[in-house]
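Subject: The structure for you to look at

Hi,

Here is the structure I promised to pass on. Please open it beside this note, and I will go through what turned up.

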Number of protein chains: 4
Amino acid sequence: MSTFGNYFRVTTAGESHGKTVACIIENCPPGLSLVESDIQPQLNRRRPGQSAISTPRDEKDRVTIGSGCEFGRTLGTPILLTVPNEDQRPHDYGSKTIDLYPRPSHADWTYLEKYGTKASSGGGRSSARETIARVAAGAVAEKWLREAYGVEIVAFVSSVGNIKLFEDRPSTDSDDIDSLSSNPKFLELVDSLTREKVDEFLPVRCPDTAVAKRMEDKIAELRDQHDSTGGTVTCIIRGCPSGLGEPCFDKLEALLAHAMMSIPATKGFEIGSGFRGAEMRGSRHNDPFVSTAAADDATPSSGAGIPPSRLQTKTNHSGGIQGGISNGMPIFFRVAFKPPATISQEQTTARYDASGEGILAAKGRHDPNVTPRAVPIVEAMAALTIADALMAQHARQMGMKIAAARR
Amino acid sequence: MSTFGNYFRVTTAGESHGKTVACIIENCPPGLSLVESDIQPQLNRRRPGQSAISTPRDEKDRVTIGSGCEFGRTLGTPILLTVPNEDQRPHDYGSKTIDLYPRPSHADWTYLEKYGTKASSGGGRSSARETIARVAAGAVAEKWLREAYGVEIVAFVSSVGNIKLFEDRPSTDSDDIDSLSSNPKFLELVDSLTREKVDEFLPVRCPDTAVAKRMEDKIAELRDQHDSTGGTVTCIIRGCPSGLGEPCFDKLEALLAHAMMSIPATKGFEIGSGFRGAEMRGSRHNDPFVSTAAADDATPSSGAGIPPSRLQTKTNHSGGIQGGISNGMPIFFRVAFKPPATISQEQTTARYDASGEGILAAKGRHDPNVTPRAVPIVEAMAALTIADALMAQHARQMGMKIAAARR
Amino acid sequence: MSTFGNYFRVTTAGESHGKTVACIIENCPPGLSLVESDIQPQLNRRRPGQSAISTPRDEKDRVTIGSGCEFGRTLGTPILLTVPNEDQRPHDYGSKTIDLYPRPSHADWTYLEKYGTKASSGGGRSSARETIARVAAGAVAEKWLREAYGVEIVAFVSSVGNIKLFEDRPSTDSDDIDSLSSNPKFLELVDSLTREKVDEFLPVRCPDTAVAKRMEDKIAELRDQHDSTGGTVTCIIRGCPSGLGEPCFDKLEALLAHAMMSIPATKGFEIGSGFRGAEMRGSRHNDPFVSTAAADDATPSSGAGIPPSRLQTKTNHSGGIQGGISNGMPIFFRVAFKPPATISQEQTTARYDASGEGILAAKGRHDPNVTPRAVPIVEAMAALTIADALMAQHARQMGMKIAAARR
Amino acid sequence: MSTFGNYFRVTTAGESHGKTVACIIENCPPGLSLVESDIQPQLNRRRPGQSAISTPRDEKDRVTIGSGCEFGRTLGTPILLTVPNEDQRPHDYGSKTIDLYPRPSHADWTYLEKYGTKASSGGGRSSARETIARVAAGAVAEKWLREAYGVEIVAFVSSVGNIKLFEDRPSTDSDDIDSLSSNPKFLELVDSLTREKVDEFLPVRCPDTAVAKRMEDKIAELRDQHDSTGGTVTCIIRGCPSGLGEPCFDKLEALLAHAMMSIPATKGFEIGSGFRGAEMRGSRHNDPFVSTAAADDATPSSGAGIPPSRLQTKTNHSGGIQGGISNGMPIFFRVAFKPPATISQEQTTARYDASGEGILAAKGRHDPNVTPRAVPIVEAMAALTIADALMAQHARQMGMKIAAARR
């Protein structure tokens, strides 16, 4: 489906060669201050052409609010956001190699298998332009979350190829081993990292000067080799109210995993201690509770209007979610992105009609690594997930409050 | 929500101390042969008490079909499956430490934050008994998938703590490095592993005698230390028709991630090359197409009634899904489980009322590792995901066929 | 689907010849006091055998709460309600006429067309026993609505055949003509009718001694003729908070219409002035606003915790809903039920295999009129609709409040 | 919600004073020929200004396909349709009476109660412009239904005020009485009425010259009196395949009722015999089956690719739906529309702030009757309902076929 969410619900449309990329947001709370300039910055962060190592196409991507707002405030009715496609000519079918060969690890082949028809762009909605609608909708969700609850969502590039911001340490199950959730350098980012800080590390958006430099060199090297590489993006959500997530099937980590794995090119998701947590022993992995009042630092989840939980945890291997429900601690997770499939070197592959093999060569310049541009997309999907989970919990809470008031 | 799927749709109910665990399956195709003994075997595989290293409670868990079937065939109407809880007495609230302290990394605290009420069992639906309903529903889904399409779903334990069936090899991005998707030992399992084979390796369900022995010893060691450990489960889906998955938000890997991350105690999900794929270069990660007819071995996806795709891929870093849509190749993914939170050693933690800290000691015997029992749960959720995606695609396909017939 | 609602969500299962009729209620607010005896009375009101003019079968229909409650309070987790079928033997297929002929105006034929399979009972889920699950779920919804908001839902039989509690008056568009919404006798019922009062008029549940007597005689007459007749049920909802309904597609009247037309044997739905309203002129049909404080009588919608609207309307042709949203005035609507298709006289009809015509004779005793037993079913569906709409509005409201608090 | 349907799914956006009215259609089958001129005619039929008796505003309403199509064919991806608002200036808040008084029987008041905010247009999405998106989406649905299945949907005005195309005959339950479903004049329309024929009776779209003239005069008379009147629209669906509708809650008549009662200004819905059917006796209301082959006339439901049912019914009091499932006979239903609330005469009503009463006078010219323009809206909602139900059934059918093929 092209609909995400049940309460704060987004429906998107648009592919490379149509006129418009668009989304409709249903159930955004009324009375929220909202103008185009609240949305445009995240679209700009997503845009290609932000540096020498990303694709030089300049897509512009100006957003227009078509409905649901008046005098700079949301009405509570569906919000239409549109972004025109500048280059919308579908190419003519012809003898080009791209019409003869499905591109390896692209969606060309599976879209044909699924829909029985072939779009100019091959994989139709697998086009990266689809993500414009996510980012636009996400910017609205996070405006509400920030203004009403003080939620902050910040993502950054945590690895490019085998260059990692946080090196794995060999797991021996002894006391000097631990997951990311115990790494002091990471915990500092959890506390304080901002988007402004992340963008100081453009073009790679990895918040460490030395590591970012190595990543940049690596990407440049692959670009020169007409090759590509993958990477990971880590995302932090601060100030998320406790109580979000709808067990048993819509646990908050399940919703986040769904959201993240729906982003093109993702191959993995982990929350809190993640795959490394699977190697730990329970006595170390368990997060003991402490009184929030007694905690040294300020309460981590002081959402406006939502009183902070009276307990928090000493450690946070849980990644802010226990039993599928947010506990008020910072939420963090990591998403793996594969190397872009489009590379400008020749690849041997089969023809659409299975009549034989041949050589496919992609032309033009392509992103050798998508993770820096994926940062605002991950943030957007996180915002949509939390906004939706908040409304689900609100539906329950208000009924509980009214019932309690009457008893 | 306690509902999974949009077409092949399952709703579950039940927690530790109620009378019944149950599910209702909507839209199961009519005419499918179905009796209780089709479902019971997977419930038995899930049951505790299968060996010395799992919890010795004997829960029995006999399933009854309450509606939707007649004379051993499905009617197309909702199927009710119920499993009684044998020990259903909710305990009295009192002065027990479990009533004073939320158990660390359990759902006790977050359920209270979410629902404002405390069940006897603490975390209500976070109880492992909830998974009975998943396994029962999944057994119905996979019966349909197997009989109508020849789909085979097999999961196994791929690691326990830091003992791994497939060791990571250091990533240097040179040619001798690769993800699991290129490991010949793994590829052999992809081709041929069966549930019967997996169960030969009870109690740990890791299909390698030597590794399984080490895992068993490890679990026993932790049990003796009143501690626990995590692990990973890997799942293979053979014979899945191409064309499944509903971009852009319901890509097949997103649906699988949602399904898996909804299982209690999961911390991570990866598909195909996964996190390791993020370290590869595109020229190696891309999966070239080859003609299915020309491929050496038999077509991998010969679903009955669904003709196999005329192309397949040489390698399978994609894990059977490209652009969010199945391509007919085997699907495989890996799920991380944290160490069980319940350990029978003392833990220092805070009181519910934040009035101070104290010592919580869990009594009784508990599973020091959940992965062997998680195997049928992972299989069940995989079956539910594929069945739902199949029906979504069928809704589209039949309309396409009829329209084409008329042109 | 067998699922109703998006927030307060009910999934049902069960047909005539299975073991069990059941429902699972998701998202019922936690902390609600709930035991079986809260549910049983409505099931008893629905039960056949309450009088000489309804079918003498005694079905009993004892409900059990299988999950989601503890110590008499809801946990917020899914509530399982089950009612056993006493006579659950599916009949053997054989040479009976019922196996050769689809019963006219029954669901036998369409179920076969849809599902390709034939249940013993013919129309599978079209069995009246399916409505047990609705009534059980509705009883839970209305308990919440009554306790938390003071909502009262009362339905009654407003016509049987051509015997009407409120006679149509010829429409001449002059001032002495009007819809039911201006009938003083009806308005008195709107203000004060209770279920206890309705049940004083058993067996027909029409709150007028003389009319009820005529109806009873009419039904007896048709029973003696081995025939049947239809009728209408009118339902009143008092104390419904304003603001419910989700335009544009889920207007409150659209949700109510959906709910009512999903009840077996319904042929029509009208809200407020209804079909008669279509004959009125706008200047008379419009409902002028008046200050609630200035109104003579007490505020009609004093839901607990929900402050009453500061405006109400002088007349109520709108039936309590304007622009698809409740306005705090009483909601009322009318539902048409066709004459029961099962009659114990011979009918000429065609064979399943279209091989020819023949005579079908239903045996046994059947309800010659379903409206008295439909009363609790209509009430149940009304309760489920309002509960769901309330939660939808709560999801929005709480976000609005929190946002406003922060500004 | 502003989303309709689960499979063929439409999401709409737009109100009077925004820039754009839009819809996104998900899951429209790929390969359908589709250009703007397939959609525009129904938008033109909906447009005001088609005659002296409707509002003279010329809104134009040109539709653009923004995504989901290429080279005149659908891709299977979301289809974006946009229609610009020509006059999109929201008015300034000020001292106008419309800012002081909620208009009687408009949505001004309830939108304020629900959303806590006031749009320029008062009732936000209750604006008639919202229906543009329905009509556009419906045109796509019916193109698919017509081309692939031969489904024909035709609506017409069946009454204006108390002027009725088919007069009620007094119900005495004797043999000369019957519902519309037995009226030969109506049955002829069921067989043969076309949209072209209906439009010959513009401006009122009632297919009877004499009655249409009386209706036109009536509307003109009310216009001159600055008043308005209601009416009914009847809709016929021919060639609908059997087997559609998803019991128990999504019976086909329930879905149609939901769809129709979501149209602004509707007050009632009835299917087949409707409210009149409630007055009939079962022996006359039951529709006996006959062999389709033996029937005099051609099979009524010869959907392309869908073989016609081998049985049909002699009479059709059921209105083409039995047990909530289409039986292949023509479907017909009737929808009641209230008199438009906007009238250009003075009305006494209360102020928003309940501070007192006053006189509200609407200015300008308004539609004294909406039924002629409602005709394409009813058709659109019928098409969306049937398309969605078809895909639901296809999802089931294809699984059944594949399963059967393998047995």
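To start with a question: which residue of S11(D) does Phe269(C) stand opposite? The residue is Phe269(D).

Before the rest, a word on how to read the names and values. Residues are numbered from 1 along each chain as its sequence is written, while chains are lettered from A and ligands numbered from 1 in the order in which they are written. This is a predicted model, in which local features need pLDDT of at least 70 and side-chain atom pairs count only at pLDDT 80 or more, whereas totals for chains, interfaces and linings use all residues.

**Chains C and D**

Helices (H or I, at least four residues) and strands (E, at least two) are DSSP runs, numbered from the N terminus, and two strands pair if DSSP finds at least two bridges between them. As background, strands of a sheet pair through backbone hydrogen bonds, either parallel or antiparallel.

The contact between these chains takes 95 residues from chain D and 95 residues from chain C; two residues are in contact if their C-beta atoms, placed from the backbone, lie within 7 Å. On the side of chain D that touches chain C there are 34 nonpolar, 44 polar and 17 charged residues. Here Ala, Val, Leu, Ile, Met, Phe, Trp, Tyr, Cys and Pro count as nonpolar, Asp, Glu, Lys and Arg as charged, and the others, Gly among them, as polar.

The same surface serves both copies, as 100% of the contact residues of chain D recur in chain C. Superposition is by least squares on the C-alpha atoms of residues with pLDDT of at least 70 in both copies.

**Chains B and C**

This contact takes 38 residues from chain B and 38 residues from chain C. On the side of chain B that touches chain C, strands S2 (9–13), S3 (20–26), S4 (64–67) and S7 (79–84) of chain B each supply at least two residues. The largest share, 4 residues, comes from S3(B). By class, that side of chain B divides into 13 nonpolar, 19 polar and 6 charged residues.

Chain B is superposed on chain C by a rotation of 180° with 0.0 Å of shift along its axis (RMSD 0.0 Å), which is the relation of a two-fold axis. Thr11(B) is the residue of chain B that comes closest to the rotation axis, at 3.7 Å (C-alpha). Again the same surface serves both copies, with 100% of the contact residues of chain B recurring in chain C.

An open sheet is formed by 10 strands in the order S9(A)-S8(A)-S10(A)-S16(A)-S11(A)-S11(B)-S16(B)-S10(B)-S8(B)-S9(B), with antiparallel pairing. At the edges stand S9 (163–164) of chain A and S9 (163–164) of chain B, each with a single partner strand, so one side of each is left without a neighbour in the sheet.

Within it, S16 (residues 331–337) of chain B has 7 of its 7 residues buried, so this strand is largely enclosed by the rest of the structure. A residue is buried if 20 or more other C-beta atoms lie within 10 Å of its own, exposed if 12 or fewer, and partly exposed in between, with C-beta atoms placed from the backbone. One side of S16(B) carries Ile331(B), Phe333(B), Val335(B) and Phe337(B), and the other Phe332(B), Arg334(B) and Ala336(B).

S10(B) and S16(B) run antiparallel and are joined by 7 bridges; Ile237(B) has Ile331(B) as its bridge partner, and Cys235(B) has Phe333(B). S11 (residues 266–271) of chain B pairs with S16(B) in the antiparallel sense over 5 bridges, where Gly268(B) stands opposite Ala336(B).

**Backbone spots to check**

Most residues other than glycine have a negative phi, and most peptide bonds are trans. These places depart from that:

- Asn27(A) has a positive phi near 70° and is buried, with 25 other C-beta atoms within 10 Å.
- Arg205(B) has a positive phi of about 60° and counts as buried, with 26 C-beta neighbours inside 10 Å.
- Pro247(B) and Cys248(B) are joined by a cis peptide bond, with omega about 5°.
- Leu202(C) and Pro203(C) are also joined by a cis peptide bond, with omega about 5°.

Best wishes
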